[in-house]
Structures are given as C-alpha cells and as structure tokens.
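Hello,

Here is the structure I promised to pass on. Please look it over before reading my notes below.

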Amino acid sequence: MGASSIRTISYEPAKEDVVPLTQNQLLEIYYYLLLTRTLENKVEYICKSQNLAAPLIIGKGYLSTGQEAISVGAAYALEEGDWLAPSHRDMGAHLVRGFTPKEIFLQYFCRASSVTWGRDSNVHFGDVSKRILGFASHMGSLTPVANGVAMAMRYRGEKNVVLSPFGDGASSQGIVHEALNYAAVNKLAVVFVLNNNHYAISTPIEQQTMVESLSLRAAGYGMVGKTIDGNSVLEVYKTVKEAVDRARRGEGPSLIECKTMRMGGHGTHDAMTYIPKNLLENWKRRDPIVGYERYLVEEKGISHDQTESVARRIEGEIEEALEFARSQPLPKAEDLLRER
Amino acid sequence: MSVMTYGEAIRDGLRQAMKADERVYIFGEDVGQFGGVYGITKGLINEFGEKRVRNTPLSEGAIIGEAIGAAIAGLRPVPEIQFSDFMTTAFSMVVDMAAPYRFRLGTKVPIVIRAPSGGGLRVGPYHSKCTEAWYFHVPGLKIVVPSTPSDAKGLLMSAIEDDDPVLFFEHKKLYYEIREEVPEGIHRVPLGKAVVRRSGGHVTLITYGAMVHLALKAAGQLATEGIEMEVVDLRTLVPLDEETMLGSFRKTNRVIILHEAPMRGGVGAELESLICEKAFDALAAPPVRIAAKMTPVPVSPILEDFYLPSAQEVIDAAKRLVQY
C-alpha cells in the first residue's frame, strides 16, 4: 500500500504571503531566537564551570540549542489570550510568552522569589497569569492538560488556542495517544507540535518508532498532520499559525512534526558521545539562527548593524538578569510548609 | 428533607452544585444518556445539556488531564472514573500532575474525581478494589469516603467547592442499598470533620465508607451482650480528623480500626500509628486492625464473603479487647 491509500486530512502548504510579517516582527523573531540561545549558553556555561560544592544552578540545564526555531516560531504564532503547555525544550516559547531572563535565572538558581519559590528548578515552571502551564518531567504529560484548557476556553465561548509541544520521545507515551485522540474527537483548539530532534536522551529515533514521519499518526486520529523543517523559524511559524487559525475557527487540532537535531546532550551533564559526529556537523550547517540571520540580511534588507545591535542588547539583558537573580535571597527552610 | 438512596443523594449533590455554579461540569465514560454504569448521572444530560454532561473516550489519563487543565483555566470539573480500579491508568495524572501542582506553582486545581469503589457485588478483582491507601500517601490530594446518603451529598458539595484535587470514593454497594432523609437544596458537610455514629464507653471503632454499616451492625449485636462500642466515621481521610478519633479513643481506651481494603500498608496502619504515637498512655489494650484478606478481590460469593471483613470479626475483636 502506498502512502496515497492512507486516509489523510487535506492540507494546504504554507505560503509566505498567507501570514505576512513586518520588518519589526522579523527582527523580533530574531531577538527571541538569539535571546534563547544566549540565555541557554549562559546556563550551560554556569553548569559546566560552577563550584559544585556551592552551585549557583541547582540541578542541570535542559537546553534547546540548535532547535530554538521550533519553540520560538510556534509561540510567535499565538495571540495574547492563547495558552502554552510547554515541553522541556521550550525556553524560546517561555520568553515569547512573557517570561523574562530575570525570572528564568531566579528559577534556575532556586531563589525564594522564583515562580516556583525554589520548590522546583530549571525548566519545571509555568505561570497561569501568563497562560503557561507548568512543565512536568513525565514526557507528554501536559498534552491531556492542554486539552482541558482548550475545553475550558470553549466552555466559556472564548476563541483561544492552546499550543502543546512535546518530543519524539514523548510520542511513544500512551498518554500522548490518549490526548491526541481525545482532542480530535472533541475538536479541541489545540495545536500539537512534535519536536523530533532524533534522540530521546541517548536512544535514537530508529529505536523508538517504525514511522518515518511521526505526523503520519495524525491520520489515525482524524487530524491534520504535517512534517516540516524545524530549523526554519518561518516555516514553523507559518505552519503553526495556519494550525492556530484553523483551531480558532473551530476546525479542531493539528499535529505538526518539526524535524530538527538536538545539538547538545539531553542535559548539561550529558556529553552526548553516542551521537555520530558527522550527524552533528551536517545539522550544524543548518543552524536555525545563522540561517535566519542570513535570510534577513540577504532577502529582507536587514543590515548587519541591526542584527548586531540586537545581539548587544541581549548581552546586556542577560548580564543584568544574571546579576539580579544572583543577588536574590534563597528560600528559608520553613517556606517548604507555607501554603501557596 | 426527602428520602434518597446513596446514589440518588450523589446525583442530587451533582445537580445542586451544577445549578449553583456554572463552572461545574461532569464528564466521563458513559455518563451521558446512559447515566453512567451505575446510573448516578442519569437525567443530568437532559437537565444541563451536552456542554455540561459529556461522554468521553475510554481514556482515564486524558479524562483526568482534561480535568486538571480545565481547573487550572478556571472551571470546576467533576470527572467520573467508571470504577476506582481504572484510575490506575490515570495514576500519573493524579499523583504527578494534579497533586503537586499547587505546591509547585501556586495554582489551585479544584477537581473532584468521583470513582465507585469497593466490593460485595461479586464483580471481581478489577471492579471491587478499595484503593484509597494508594493515594493516602500522596501529598496534595484530599480523600473523601462517604458512608451515608446525606453525607454523600454534603461531602460532594463541599468537595466541589474545595480548591484542591479531591478523590471522592463512592461505595458502589451502597448506591441502592441504603436510604435516608437528605436535606434539600444546597447541603454541605465540611471536609475533615469525623462523626460519632454511635456512642459507647467500652471500645472505639474507627472506620469509614461502607464499613461504617458493618460496624453499626456489630455494635448493635454487641450492645445486646452489654458491650457498648463507639463507632467513629472518619468521612474524609485527608484532611483527617485526629481530634474526634483520639477523643473517642481516650474515652474508651480500646480501639478497633476497620477498613475494607487489605491490611498491609493500608490507611489503618497510619491510624494505628497515630494512636500509638499520640495517645499511648491511654491504651488499655493493643489496638486491633480488621481489614480484607491480603489477596486480590475474588468473584465467588463464598470467596468474597470470606475475603471481606465481617461483623463477626468485629464482635470477636471487641470482646477480646474488653476482656484484655
């Protein structure tokens, strides 16, 4: 049986003019990509250089290096009242949705004034006031919760959408299957973004699934599915934007697989010796930030001066955030029992 | 007041809560026109419509996940899990997602998971378990186990108004078996307040759920032999009313702890431990635990009757304690 015999939902490929972006928006996307990279580089640097007897970062960093385009591009397609149900490589989306580098460092440093009061660390946070659910370690476990948020929106007649990213590893979890089917049956306004970075910790995708394109699974749920280049921030943005618009119109959920590569270990503790070097070299040539910057300069008339000024602004923001978070108090032991 | 069965009282509690608060809605497997496998939600879809009474796929994880998300986003979901046994497939949603959410992030997760539980209906190992101990260990969850129709209604309404995730274990054997006068309209029984169902000075029996009725039966029998057994119905395991429990024990100095779930690692172990730690000086005899046998729940009536705690075991234990 050929692929054509599979019952799929028709899908119109994204065209640039469907979702035109202004110069300012194009530069803003660049800002978030670079902010994510710079912030996470700093997290990685601290994790690797800090005094382990008195660590600044408690725990490890779980970074999105090399795949920032997915998180930034997808989150950029949301509107103010929409929700994010993040996965663990969604720093970009947190920043787009309003978390500041100060708040991120407070969280990484487990300070009393962090959004989790120091009770949880690194990427395990969220904030209902920013319409961001709190990530939990059980992979894919926010997918059904995203459905619930979408249900509540519809219940109140609100036209908001929930962005629900998860990874290729999570896609093997039963709960993700439950959630996708449940969202399809209920025509929920959820956009599932599958970040396929080819490795679940050390286990390559070939040892996780027999399916070449994980978006094929969408057909089994009666859902729109598409596989795209996860290293193209505009392709991610446009595809997710179309899915968001469809969801907002009441036409149900979508599954968008973004193919990319994890350019670091699972966490900062992982030297990723299990990934073939040539694989990384090939993907490095497709770095999403470098490629996007080239596109801006060569095709969108944005100057090097403009991109460099964005970079300088970010360096300043990160340094300031770092100093601020470092100066903030640690939790007191008895805060453990304080009611939130 | 009107006479209702335990099942009717739960339905009335759901109806009153839904009438009182637009944010309350119910969903689960077969809860629509079918009214749930025990008929508890029957008629509610006609009264409240498909928006507020909704069938779901067979996906307990997705059901509890929906509840968590909807609660975070401002609703008051009351999902039904068809049998409490089936909540295992949503275990992670309950203990990893719902339970620690407020602690971690400060966001309230007001959900009430209704789940028929317990044995005696000859429906075997997958439809008869009492699983409250599995959740009793988990910080962040409240656990309600009503024993009477008016408590079932009143505790349900309080649970729905509570800001934390609540597991509401209904005993399926009680649905049609017991009836009593139940207050009309809004009726609340506060969480965390035990009640003395029968007074007595010789021995205290602490229990909850369907076992309250077994205990009262045994107490009636014991009274004919001159032994007055006080029966404490905990009503909620979390929060736990230590004051009522220990108060009764300090009066009688003898205690039996009874529950339907198997003994090892059960709620009774915690209750016994609390008594020993907090009122050791008042012990006139070693505490006694009575529980189901340490096996899966069997189907055969002969086997299940032997598996479940019996009134005779309670009577024998009370006599031993009084003579100790």
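**Chain A: overall picture**

Chain A has an accessible surface of about 14500 Å², and 52% of that surface belongs to carbon and sulfur atoms. Please keep in mind that this is a predicted model.

The secondary structure of chain A comes to 11 helices and 7 strands. Its radius of gyration is 20 Å, in agreement with the value near 20 Å for a compact globule of 340 residues. The C-alpha atoms fill a box of roughly 60 × 50 × 40 Å along the principal axes. Of the 340 residues in chain A, 58% count as buried.

The contacts reach across the sequence. Take the contacts in chain A with a separation of 6 or more: 75% of them come from residues 24 or more positions apart. Charge is also worth a look. Chain A carries 38 positive and 41 negative charges, and their mean positions are 3 Å apart.

**The sheet in chain A**

Five strands of chain A form an open sheet. Their order is 1-2-3-7-6, and the pairing is parallel. Strand 1 (83-84) and strand 6 (224-229) stand at the edges. Each has a single partner strand, so one side of each is left without a neighbour in the sheet. In general, strands of a sheet pair through backbone hydrogen bonds, either parallel or antiparallel.

Further in, strand 2 (residues 162-167) and strand 3 (residues 190-196) of chain A run parallel, joined by 6 bridges.

**Chain B: overall picture**

Chain B has 11 helices and 14 strands. Its radius of gyration is 19 Å, close to the 20 Å that the globule rule gives for 324 residues, so chain B is as compact as a globular protein of that length. The C-alpha trace of chain B spans about 60 × 40 × 40 Å along its principal axes.

Buried residues make up 63% of the 324 residues in chain B. The chain exposes about 11700 Å², with carbon and sulfur atoms supplying 55% of it. Among contacts in chain B between residues at least 6 apart in sequence, 83% join residues at least 24 apart. The mean positions of its 35 positive and 40 negative charges are 1 Å apart.

How many of the residues of strand 10 (residues 203-207) of chain B are buried? The count is 5 of 5, so-called mostly covered. Both faces are covered. B:Val203, B:Leu205 and B:Thr207 are buried on one side, and B:Thr204 and B:Ile206 are buried on the other. Strand 10 of chain B runs parallel to strand 11 (residues 229-233), with 5 bridges between them. There, B:Thr204 stands opposite B:Glu230.

Strand 14 (residues 288-292) of chain B has 4 of its 5 residues buried, so it is largely enclosed by the rest of the structure. One bridge pairs B:Pro262 with B:Ala292 in strand 14.

From B:Ala292, go on to B:Asp305. The two are 13 residues apart in sequence and 9.8 Å apart in space, C-alpha to C-alpha. B:Asp305 lies in helix 10 (residues 301-307) of chain B. At 44% relative accessibility, B:Asp305 counts as partly exposed.

Best wishes

Conventions. Residues are numbered from 1 along each chain as its sequence is written. Chains are lettered from A and ligands numbered from 1 in the order in which they are written. This is a predicted model: local features need pLDDT of at least 70, side-chain atom pairs count only at pLDDT 80 or more; totals for chains, interfaces and linings use all residues. Side-chain values use heavy atoms; hydrogens and water are left out. Helices (H or I, at least four residues) and strands (E, at least two) are DSSP runs, numbered from the N terminus. The radius of gyration is taken over C-alpha atoms; the globule rule is 2.2 Å times the number of residues to the power 0.38. Buried means under 20% relative accessible area, exposed over 50%, partly exposed in between (1.4 Å probe, protein chains only). Contact means heavy atoms within 4.5 Å. Accessible areas come from the Shrake-Rupley method with a 1.4 Å probe; for residues, only the protein chains shown count as cover. Lys and Arg count as positive and Asp and Glu as negative; His and the chain ends are not counted. The place of a charge is taken as NZ of Lys, CZ of Arg, CG of Asp or CD of Glu. Two strands pair if DSSP finds at least two bridges between them.
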